[in-house]
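I am opening my notebook on a new structure. I will write down what I look up, step by step.

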Amino acid sequence: KSNQANDVILEYLAKLYGSLNMYKEAIRVFRTMMKSTTNEFSVRALEKYCNIRVKDSLLNYKSNSLSKKDAILDISEILKDLESLNRFGETAERWSLIGSGYKRLLILSNSSKISEILSSTIEAYQKASELSDFEDSYPLTNWLQLLKLQNGLWGKKGLKYAPLKARNALSTLLEKLENSY
């Protein structure tokens with residue numbers, strides 16, 4: 001039982017460090033947790049671990065402690081880790097994390113890869129939106145913003161090029177927000 005309790009404590013500690021943007025400490029604690037003999041941590045902890053590693057890679061690149069090439073490789077590998085979790089079941093949260101990782105990869109990528117990565121980012125946020133039944137504003141707004149960017153790059157202006165189901169969902173969320181005041 002004490003090992004189980006330790007895993008739970010380590011999971012909470014790692015999440016706390018992550019929420020404080022103390023990524024190195026969070027990663028260290030997550031790695032300690034994953035070496036546990038009981039492995040009593042949640043799948044959500046694995047998702048958080050991946051998300052924090054993506055943020056840490058970008059931060060390391062921005063602080064010049066990681067090359068652009070290595071940051072791209074790191075984030076690409078982390079995205080594979082997240083995508084492999086989908087084999088156990090797809091969730092809106094996981095697809096949002098994948099979208100977030102691709103969005104950070106967009107920041108690092110050269111112009112020849114932008115279109116491909118942008119499409120992957122849009123696809124991830126679209127899947128997250130659909131899996132949340134369009135109730136979660138985070139993937140929905142990211143999907144629509146990035147779709148608008150992509151359409152602009154293709155010379156298509158206006159929301160009319162966004163899928164009707166997404167526009168309707170955004171309108172519904174806005175109405176709910178307005179009615180909550």
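**Entry 1**

The model I am reading is predicted. I placed Asp56 in helix H3, residues 43-62. Next I listed its contacts, leaving out residues up to four places away in sequence: Tyr23, Lys24 and Ile27.

Which side chain meets Asp56 in a salt bridge? I found that of Lys24, at 3.3 Å from N to O.

**Entry 1: Helix H2**

I then turned to H2, which covers residues 23-34. I counted 12 residues in H2. From first C-alpha to last, H2 reaches 16 Å, close to the 16 Å expected at 1.5 Å a residue. Which residues of H2 are buried? I wrote down Tyr23, Ala26, Ile27, Val29, Phe30 and Met33. Seen down the axis of H2, these buried residues fall within an arc of 165 degrees, so they line one face of the helix. I recalled the general rule: an α-helix has 3.6 residues a turn, so residues three or four places apart point the same way.

Leu20 belongs to a nonpolar surface patch with Leu13, Leu16 and Met22. Together, these four have about 320 Å² of accessible area.

I looked up Gly101 in helix H5, residues 92-108. Gly101 counts as buried, at 1% relative accessibility. Leaving aside neighbours within four places in sequence, I found Gly101 in contact with Val54, Ile75 and Leu79. I also took one distance: the C-alpha atoms of Gly101 and Ile52 are separated by 10.0 Å, though the two are 49 residues apart along the chain.

Is Thr121 buried or exposed? I found Thr121 buried, with a relative accessible area of 0%. Thr121 sits in helix H6, residues 111-131. With neighbours within four places set aside, its contacts are Gly99, Tyr102, Lys103, Leu106 and Leu146.

I noted a total of 10 salt bridges. In one of them, the side chains of Lys165 and Glu130 meet at 2.8 Å, N to O. Lys165 lies in helix H8 (residues 164-179) and Glu130 in helix H6, so the pair ties together parts that are 35 residues apart in sequence.

Lys176 forms a salt bridge with Glu135, with the closest N and O atoms 2.9 Å apart. Lys176 is in helix H8 and Glu135 in the loop between H6 and helix H7 (137-153), so this pair joins parts 41 residues apart in sequence. I also found a network of salt bridges linking Arg44, Glu47, Glu93 and Arg94.

**Entry 2: The whole chain**

Last, I stepped back. I counted 8 helices and 0 strands in the protein chain. Of its 181 residues, 39% count as buried. Along its principal axes, the C-alpha trace spans about 55 × 40 × 35 Å.

Technical notes. Residues numbered from 1 in each chain as written. Predicted model: local features only at pLDDT ≥ 70, side-chain atom pairs only at ≥ 80, totals over all residues. Heavy atoms only, no water. Helix = DSSP H or I, 4+ residues; strand = E, 2+ residues; numbered from the N terminus. Contact = heavy atoms within 4.5 Å. Expected span 1.5 Å × (residues − 1). Buried < 20%, exposed > 50% of the residue type's maximum accessible area, 1.4 Å probe, protein only. Arc of directions from axis to C-beta. Patch = residues over 30% accessible without salt bridge, like charges linked within 9 Å, V, L, I, M, F, W, Y side chains within 5 Å. Areas by Shrake-Rupley, 256 points an atom, 1.4 Å probe, with all protein chains shown as cover.
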